[in-house]
Amino acid sequence: TKSYIITNNHVISNAVSSGTVKVELQNGEKITATIRGRDIAYDLAVLQISKGNLAVMEIGDSSKVVIGDLSIAVGSPLGLSGTVTSGIISALNRPVTTGNTTSTESYIDAIQTDAAVNPGNSGGALVNLKGELIGINTAIYSRTGQFAGYSFAVPVSIVKKVSGDLIKYGNVQRGFLGVQISEVNAKLADEKDLKTSAGVYVGGFSENSAAKDAGIKINDVIVKIDGVETKSSSKLMEIV
């Protein structure tokens, strides 16, 4: 009797305070949707419509995507509905900031592709050659507002986490360290007499810091989380 539809937050944000969101199906039917939940930092939103038994995409595994894989972007670029464009996966784990981060910063290890993506592709699927969803097209690199050769998709692993939280809780459940950090470089390593020249330096703690409660100390350097190297502040934030 109902279905959930995933899109970008910036696609529906103007209708949050006033206005109506309508979902148009492939056959032209338009259905009024309600916003089940949205997350500004990840630029994702979940809509709910009162219509069930819709065709559902196969979900792929973004962890198995490799550079050079062929990819297809689906959307309505520049108002041209039902458009697909193809390209290759040109980079992985690209730290990008999505959405409006004036209050919350979110660094996402995005999938980078050279499939043409323009305004109107937002919230559309990025699929592999099996037609499996591997990401949600979210951002482009551009100096003009139009496609300049590179676009970025939120990996489906993150999409599943965020959409699941939005449906269950109405917001995204996030990890919290509560540390004031900076990236270690040769100068900082020399000034603080650190034993490493790579990682993320802990310079202080915020209120109710989970890291402090766990025994992390000022002047510590975080070099790995769950075996994954934290070579930059953005990488640490993305993992957490």
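Reader: Which side chains meet in a salt bridge with an N to O distance of 2.8 Å?

Author: A salt bridge is counted when a side-chain nitrogen of Lys or Arg lies within 4 Å of a carboxyl oxygen of Asp or Glu. Here, aspartate 165 and lysine 161 form such a pair, at 2.8 Å from N to O. This is a predicted model, in which local features need pLDDT of at least 70 and side-chain atom pairs count only at pLDDT 80 or more, while totals for chains, interfaces and linings use all residues. Residues are numbered from 1 along each chain as its sequence is written, and side-chain values use heavy atoms, with hydrogens and water left out.

Reader: Where do aspartate 165 and lysine 161 lie, and how many residues apart are they?

Author: Helices (H or I, at least four residues) and strands (E, at least two) are DSSP runs, numbered from the N terminus. Both residues belong to helix α2 (residues 156-169), and because they are four residues apart there, about one helical turn separates them.

Reader: Is aspartate 165 buried or exposed?

Author: Buried means under 20% relative accessible area, exposed means over 50%, and partly exposed lies in between (1.4 Å probe, protein chains only). Aspartate 165 has 8% relative accessibility and therefore counts as buried, whereas lysine 161, at 41%, counts as partly exposed. Of the 240 residues of the chain, 39% count as buried.

Reader: How many salt bridges does a search of the whole structure find?

Author: The search finds five. Among them is the pair of glutamate 29 and lysine 51, whose closest N and O atoms are 3.8 Å apart. This pair links distant parts of the chain, 22 residues apart: glutamate 29 is in the loop between β2 (21-24) and β3 (30-39), and lysine 51 is in the loop between β4 (44-49) and β5. Glutamate 29 is partly exposed at 33%, and lysine 51 is partly exposed at 28%. Another of the salt bridges joins glutamate 229 and lysine 231 (3.4 Å, N to O); glutamate 229 is partly exposed at 41%, while lysine 231, at 60%, counts as exposed.

Reader: Which residues form a nonpolar patch on the surface?

Author: Patches are made of residues with over 30% relative accessible area and no salt bridge; like charges are joined within 9 Å, and nonpolar side chains (Val, Leu, Ile, Met, Phe, Trp, Tyr) within 5 Å. Accessible areas come from the Shrake-Rupley method with a 1.4 Å probe; for residues, only the protein chains shown count as cover. In this model, Leu70, Ile88 and Leu129 form a nonpolar patch with about 280 Å² of accessible area together. Leucine 70 is in strand β5 (residues 70-75) and is partly exposed at 46%.
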